Amino acid sequence: MRTEFVNWADDDDVFPDWSLGVRLETFTDELGWVAGYSEDWLPDGSRRLWECPAPPGYHAAGDVVTYWPRPQDTIPVGPTTILARTRLVRAAGGMGGLVQGEDYMAAVGVTALGPGVLLPLPVYRYRKHDGQMTRGEQYEELELAARRHAHAFGHGLRNALASRA
(Lines give C-alpha, C1' and ligand atoms only; values in the text may rest on other atoms or scores of the structure.)
Protein backbone atom coordinates (compact mmCIF):
# COMPACT_ATOMS: atom_id res chain seq x y z
CA MET A 1 0.00 0.00 0.00
CA ARG A 2 1.25 3.45 -0.86
CA THR A 3 -1.48 5.41 0.81
CA GLU A 4 -1.17 7.18 4.15
CA PHE A 5 -4.45 5.77 5.51
CA VAL A 6 -6.32 2.48 5.25
CA ASN A 7 -9.79 1.29 6.26
CA TRP A 8 -10.77 -2.34 5.71
CA ALA A 9 -14.34 -3.43 5.08
CA ASP A 10 -16.44 -6.46 4.27
CA ASP A 11 -17.43 -6.66 0.63
CA ASP A 12 -21.16 -6.44 1.28
CA ASP A 13 -21.14 -3.48 3.66
CA VAL A 14 -21.04 0.26 2.97
CA PHE A 15 -19.70 3.54 4.29
CA PRO A 16 -21.94 6.61 4.48
CA ASP A 17 -20.80 9.19 1.89
CA TRP A 18 -19.27 11.48 4.53
CA SER A 19 -17.64 8.71 6.62
CA LEU A 20 -14.05 8.86 5.38
CA GLY A 21 -14.04 12.65 5.20
CA VAL A 22 -15.17 13.22 8.79
CA ARG A 23 -12.55 10.80 10.06
CA LEU A 24 -9.78 12.32 7.94
CA GLU A 25 -10.69 15.79 9.21
CA THR A 26 -10.36 14.50 12.80
CA PHE A 27 -6.78 13.33 12.33
CA THR A 28 -3.92 15.27 13.91
CA ASP A 29 -0.21 14.50 13.69
CA GLU A 30 -0.44 12.69 17.03
CA LEU A 31 -3.22 10.27 16.08
CA GLY A 32 -2.71 6.85 14.56
CA TRP A 33 -6.39 6.03 14.05
CA VAL A 34 -9.91 7.45 14.09
CA ALA A 35 -12.96 5.21 14.45
CA GLY A 36 -16.69 5.51 15.02
CA TYR A 37 -19.79 3.48 15.66
CA SER A 38 -21.41 1.16 13.17
CA GLU A 39 -24.97 0.49 12.17
CA ASP A 40 -26.51 -2.87 11.48
CA TRP A 41 -28.27 -2.56 8.13
CA LEU A 42 -31.22 -4.90 8.41
CA PRO A 43 -32.90 -6.76 5.50
CA ASP A 44 -35.97 -4.50 5.69
CA GLY A 45 -33.76 -1.43 5.07
CA SER A 46 -33.87 -0.15 8.64
CA ARG A 47 -30.72 0.48 10.63
CA ARG A 48 -29.81 -0.19 14.27
CA LEU A 49 -26.95 1.72 15.92
CA TRP A 50 -24.15 -0.30 17.52
CA GLU A 51 -22.21 1.61 20.15
CA CYS A 52 -18.99 -0.16 21.05
CA PRO A 53 -17.86 -0.62 24.67
CA ALA A 54 -15.00 1.90 24.38
CA PRO A 55 -16.34 5.38 25.13
CA PRO A 56 -16.15 8.21 22.58
CA GLY A 57 -13.17 10.54 22.73
CA TYR A 58 -9.40 10.30 22.87
CA HIS A 59 -7.71 6.99 23.69
CA ALA A 60 -4.01 6.64 24.43
CA ALA A 61 -2.16 3.73 22.82
CA GLY A 62 -3.22 0.52 24.54
CA ASP A 63 -6.29 1.88 26.30
CA VAL A 64 -8.98 0.47 23.98
CA VAL A 65 -8.27 -3.19 24.78
CA THR A 66 -9.04 -2.52 28.46
CA TYR A 67 -12.70 -2.30 27.37
CA TRP A 68 -12.48 -5.97 26.31
CA PRO A 69 -12.14 -7.75 29.67
CA ARG A 70 -12.87 -11.30 28.42
CA PRO A 71 -12.65 -12.83 24.93
CA GLN A 72 -16.35 -13.68 24.89
CA ASP A 73 -17.32 -10.06 25.62
CA THR A 74 -18.15 -7.57 22.89
CA ILE A 75 -15.10 -6.32 21.02
CA PRO A 76 -14.01 -2.85 22.19
CA VAL A 77 -14.20 -1.04 18.82
CA GLY A 78 -15.76 -2.12 15.54
CA PRO A 79 -12.76 -3.13 13.41
CA THR A 80 -14.26 -1.90 10.14
CA THR A 81 -14.93 1.53 11.64
CA ILE A 82 -11.21 2.21 12.08
CA LEU A 83 -9.43 4.51 9.64
CA ALA A 84 -5.75 4.07 10.49
CA ARG A 85 -2.36 5.17 9.33
CA THR A 86 -1.04 2.49 6.98
CA ARG A 87 2.31 2.33 8.78
CA LEU A 88 0.49 1.54 12.02
CA VAL A 89 -1.53 -1.26 10.40
CA ARG A 90 1.69 -2.75 9.03
CA ALA A 91 3.40 -2.51 12.43
CA ALA A 92 0.42 -4.23 14.06
CA GLY A 93 0.74 -7.19 11.69
CA GLY A 94 -2.07 -6.29 9.34
CA MET A 95 -5.08 -8.55 9.52
CA GLY A 96 -3.36 -11.15 11.70
CA GLY A 97 -3.42 -14.08 9.28
CA LEU A 98 -6.52 -15.75 10.71
CA VAL A 99 -9.33 -17.25 8.63
CA GLN A 100 -11.84 -15.76 11.06
CA GLY A 101 -11.47 -12.92 13.54
CA GLU A 102 -8.64 -11.38 11.54
CA ASP A 103 -10.27 -7.99 11.91
CA TYR A 104 -10.14 -8.35 15.71
CA MET A 105 -6.37 -8.76 15.42
CA ALA A 106 -6.00 -5.63 13.31
CA ALA A 107 -8.22 -3.58 15.62
CA VAL A 108 -6.47 -4.47 18.86
CA GLY A 109 -3.04 -4.17 17.25
CA VAL A 110 -3.66 -0.73 15.77
CA THR A 111 -5.28 0.65 18.92
CA ALA A 112 -2.51 -0.82 21.10
CA LEU A 113 0.29 0.77 19.08
CA GLY A 114 -1.11 4.25 18.53
CA PRO A 115 -3.41 6.81 20.10
CA GLY A 116 -6.72 7.52 18.48
CA VAL A 117 -10.16 9.02 18.69
CA LEU A 118 -13.51 7.28 18.75
CA LEU A 119 -16.25 9.46 17.27
CA PRO A 120 -19.85 8.99 18.45
CA LEU A 121 -21.01 8.77 14.83
CA PRO A 122 -22.07 5.74 12.77
CA VAL A 123 -19.29 5.63 10.15
CA TYR A 124 -19.97 2.13 8.82
CA ARG A 125 -23.03 0.10 7.81
CA TYR A 126 -22.87 -3.63 8.49
CA ARG A 127 -25.30 -5.39 6.17
CA LYS A 128 -27.19 -8.17 8.00
CA HIS A 129 -28.29 -11.02 5.72
CA ASP A 130 -28.63 -14.79 5.69
CA GLY A 131 -25.51 -15.31 3.54
CA GLN A 132 -23.09 -13.85 6.09
CA MET A 133 -20.21 -15.94 7.38
CA THR A 134 -21.40 -15.08 10.90
CA ARG A 135 -24.62 -16.97 10.19
CA GLY A 136 -22.93 -20.04 8.72
CA GLU A 137 -22.89 -23.45 10.38
CA GLN A 138 -19.14 -23.41 11.04
CA TYR A 139 -18.87 -19.86 12.39
CA GLU A 140 -19.17 -20.83 16.05
CA GLU A 141 -16.47 -23.51 15.71
CA LEU A 142 -13.74 -20.89 15.30
CA GLU A 143 -15.22 -17.77 16.87
CA LEU A 144 -14.17 -18.25 20.49
CA ALA A 145 -10.69 -19.43 19.46
CA ALA A 146 -10.26 -16.37 17.22
CA ARG A 147 -11.47 -14.08 20.01
CA ARG A 148 -9.12 -15.69 22.54
CA HIS A 149 -6.19 -15.26 20.19
CA ALA A 150 -6.95 -11.59 19.42
CA HIS A 151 -7.74 -10.84 23.08
CA ALA A 152 -4.41 -12.34 24.22
CA PHE A 153 -2.57 -10.47 21.47
CA GLY A 154 -4.12 -7.12 22.38
CA HIS A 155 -3.61 -7.46 26.11
CA GLY A 156 -0.11 -8.90 25.66
CA LEU A 157 0.89 -6.05 23.37
CA ARG A 158 -0.51 -3.49 25.79
CA ASN A 159 1.31 -5.07 28.73
CA ALA A 160 4.61 -5.32 26.83
CA LEU A 161 4.46 -1.66 25.79
CA ALA A 162 3.33 -0.51 29.27
CA SER A 163 6.28 -2.27 30.91
CA ARG A 164 8.65 -0.23 28.73
CA ALA A 165 7.22 3.06 29.96
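Guide: Let us begin with a definition: contact means heavy atoms within 4.5 Å. By that rule V110 touches W33, I82, A84, L88, V89 and A92, with residues up to four places away in sequence left out of the count. The model is a predicted one, in which local features need pLDDT of at least 70 and side-chain atom pairs count only at pLDDT 80 or more, while totals for chains, interfaces and linings use all residues. Residues are numbered from 1 along each chain as its sequence is written, and side-chain values use heavy atoms, with hydrogens and water left out.

Visitor: Which elements does the protein chain contain, and in what order do they run?

Guide: Helices (H or I, at least four residues) and strands (E, at least two) are DSSP runs, numbered from the N terminus. The protein chain has 4 helices and 6 strands, and their order is β-α-β-β-β-β-α-α-β-α.

Visitor: Why does T81 count as buried?

Guide: Buried means under 20% relative accessible area, exposed over 50%, and partly exposed in between, with a 1.4 Å probe and protein chains only. T81 has 0% relative accessibility, and therefore it counts as buried. T81 is placed in the loop between strand 4 (57-59) and strand 5 (83-85). Among the residues that T81 touches are N7, R23, V34 and Y124.

Visitor: What makes the pair of T81 and G78 a polar contact?

Guide: A polar contact is a pair of N or O atoms within 3.5 Å; within protein, one must be able to donate a hydrogen and the other to accept it, and residues adjacent in sequence count only if both atoms are side-chain atoms. A polar atom of the T81 side chain lies 2.7 Å from the backbone oxygen of G78.

Visitor: Why is R127 called partly exposed?

Guide: R127 has 29% relative accessibility, so it counts as partly exposed. This residue belongs to strand 6 (residues 116-127). The C-alpha atoms of R127 and G45 are 9.4 Å apart, although 82 residues separate them along the chain.

Visitor: How do you know that strand 2 pairs with other strands?

Guide: Two strands pair if DSSP finds at least two bridges between them. Strand 2 and strand 6 run parallel and are joined by 8 bridges; S38 has Y124 as its bridge partner in strand 6. With strand 3 (residues 47-50), strand 2 pairs in the antiparallel sense over 4 bridges, and there S38 has W50 as its partner. Strand 5 is joined to strand 2 by 2 bridges, also in an antiparallel arrangement, with W33 opposite A84.

Visitor: How do you know that the span of helix 3 agrees with expectation?

Guide: The expected span of a helix is 1.5 Å times one less than its number of residues. The 12 residues of helix 3 should therefore span 16 Å, and the end C-alpha atoms are 17 Å apart, which agrees. Helix 3 is also largely enclosed by the rest of the structure, because 10 of its 12 residues are buried.

Visitor: What makes a set of residues a nonpolar core?

Guide: A nonpolar core is a set of buried Ala, Val, Leu, Ile, Met, Phe, Trp, Tyr and Cys residues joined through side-chain atoms within 4.5 Å. The largest such core here has 18 residues, and W33, V77, I82 and V110 have the most contacts inside it. Strand 2 (33-41), helix 2 (86-91) and helix 3 (102-113) each give two or more residues to this core.
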